[in-house]
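Colleague: I have a few questions about this one. Can we go through it together?

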Amino acid sequence: MAFPLLQEDLNIIAKLSDEPNDVGTDALSAQEFKEHFDKAGNLIKQFINEVFIPYLQGVNAAGAIGITEISGLTDAENVQEALEILKTQLDNTATGSIPDRSLTAIKIQTGTITANELADNSITTDKIVDGVISDEKISSKKLSGTVLKDKTVVTANIADKAVTVAQLADSAVETAKIKAAAVTATKIASDAVQSSQIKASAVTRAKLADDALYSPKSAITENYTIVASDASKTLAAFGQTTTDIAFSLSQAISSQMPNDAEIAIMWLRAKSVKINTSGLRLAISGDSTWRSGTVTIDIPEPYYMVALKKLFPDNVNGDLWTVQGNVEVVE
């Protein structure tokens with residue numbers, strides 16, 4: 001709404017005749033002539049006091065005052081609209097009324113939000129973007145058993161070899177904190193889990209993946225070179241009845257396997273099954289001396305299983321393995 005305008009004609013003196021107080025058109029008395037001189041001023045005073053000032057004091061005045069464009073208030077054309085936009089923006093920044101995700105990293109001063117400013121359980125799983133919490137964001141020993149909600153640490157959220165001795169507080173690993181089958185071999189660094197890190201009776205059968213309880217089986221259909229990842233596996237010769245299958249294990253591969261590594265080899269279906277070793281020392285059941293160099297071992301009958309176990313590492317003379325089962329050394 002626009003400001004009210006003075007509509008009165010103020011050309012009062014100009015409209016008088018040249019001799020306004022003579023007998024004729026105007027015939028004004030001296031008093032009337034003087035009042036004509038004051039009339040324009042009185043009309044202006046009356047407009048200001050009775051119309052303009054009351055309008056400025058009313059509810060519509062701010063809507064009639066224009067403004068130049070202000071950054072952030074581009075939709076406001078007058079003072080009233082600018083005030084309404086500012087009020088809305090202030091309401092949105094009041095405590096408890098901040099829109100979701102409006103507080104970005106650039107809005108928060110470094111060190112402003114500490115543990116004291118966060119309400120209990122205010123940071124939930126759905127508030128944390130995947131991949132945001134990296135190693136450098138977590139202080140040493142900050143993630144203890146009392147901080148983690150039950151079953152929040154699942155297999156997909158643990159990097160390979162991420163769980164080391166330094167990351168586990170004494171008795172931090174309890175049954176309720178481990179999802180069934182979440183702990184696999186790739187998630188645990190060497191020597192990471194020690195007795196002090198595991199609460200009594202915390203590791204139950206339900207907490208272990210299948211390959212942690214049993215020896216996984218691989219079907220071998222042709223000659224096969226054993227690799228380091230075959231440790232703890234059962235290698236079953238499962239070819240054709242006309243196929244000779246030979247398994248080979250070298251010192252180079254043995255050196256990559258942990259001490260006490262075990263491998264089972266079984267004749268399931270084949271014409272014959274042999275085990276060839278090179279660079280190792282073998283303590284074969286039934287032998288009185290260790291074998292070394294290149295050794296060929298024959299599994300004499302179908303469905304026999306032979307167990308190999310690494311006893312001691314020795315990169316100079318060859319790792320010492322024991323071979324258990326019904327076998328024959330090919331001289």
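Colleague: What does the secondary structure come to?
Modeller: The protein has four helices and 10 strands. Keep in mind that this is a predicted model.

Colleague: What pattern do they follow along the sequence?
Modeller: The pattern reads α-α-α-β-β-β-β-α-β-β-β-β-β-β.

Colleague: How much of the protein is buried?
Modeller: Of its 331 residues, 24% are buried. The accessible surface is about 22600 Å², and carbon and sulfur atoms account for 53% of that surface.

Colleague: And the contacts?
Modeller: Take the contacts with a separation of 6 or more: 65% of them are between residues 24 or more positions apart.

Colleague: Let's turn to α1. Where is it, and how far does it reach?
Modeller: Helix α1 covers residues 30-57, which is 28 residues. From first C-alpha to last it reaches 40 Å, close to the 40 Å expected at 1.5 Å a residue.

Colleague: Where is the kink in α1 centred?
Modeller: The kink is centred on D38 and comes to about 40°.

Colleague: Which residues of α1 are buried?
Modeller: A40, L43, F47 and Y55 are buried in α1.

Colleague: Why do some of those sit three or four places apart?
Modeller: I can only give the general rule: an α-helix has 3.6 residues a turn, so residues three or four places apart point the same way.

Colleague: What about I44, buried or partly exposed?
Modeller: I44, also in helix α1, counts as partly exposed, with 34% relative accessibility.

Colleague: What does I44 touch?
Modeller: Leaving aside residues up to four places away in sequence, I44 touches L6 and L10. I44 and E8 are 36 residues apart in sequence, and their C-alpha atoms are 8.6 Å apart in space.

Colleague: New topic. How many aromatic pairs are there?
Modeller: A search of the whole structure finds five. One of them is F3 with Y55, an edge-to-face pair with 5.6 Å between centres and 65° between the planes. This pair links distant parts of the chain, 52 residues apart: F3 is in the segment before α1, and Y55 is in helix α1.

Colleague: Are F3 and Y55 buried or partly exposed?
Modeller: F3 is partly exposed, at 28% relative accessible area. Y55 counts as buried because its relative accessibility is 13%, under the 20% cut-off.

Colleague: Which residues are in the cluster linked by ring pairs?
Modeller: The cluster holds F3, F47, F52 and Y55.

Colleague: Last one. What lies over the face of F238?
Modeller: R269 does, at 4.2 Å from the ring centre.

Terms used: Residues numbered from 1 in each chain as written. Predicted model: local features only at pLDDT ≥ 70, side-chain atom pairs only at ≥ 80, totals over all residues. Heavy atoms only, no water. Helix = DSSP H or I, 4+ residues; strand = E, 2+ residues; numbered from the N terminus. Expected span 1.5 Å × (residues − 1). Bend = angle between axes of the 7 residues up to and from the residue. Buried < 20%, exposed > 50% of the residue type's maximum accessible area, 1.4 Å probe, protein only. Contact = heavy atoms within 4.5 Å. Areas by Shrake-Rupley, 256 points an atom, 1.4 Å probe, with all protein chains shown as cover. Phe/Tyr/Trp six-rings, centres within 6.5 Å; stacked < 30°, edge-to-face > 60°. Lys NZ or Arg CZ within 6 Å of the ring centre and 35° of its normal.
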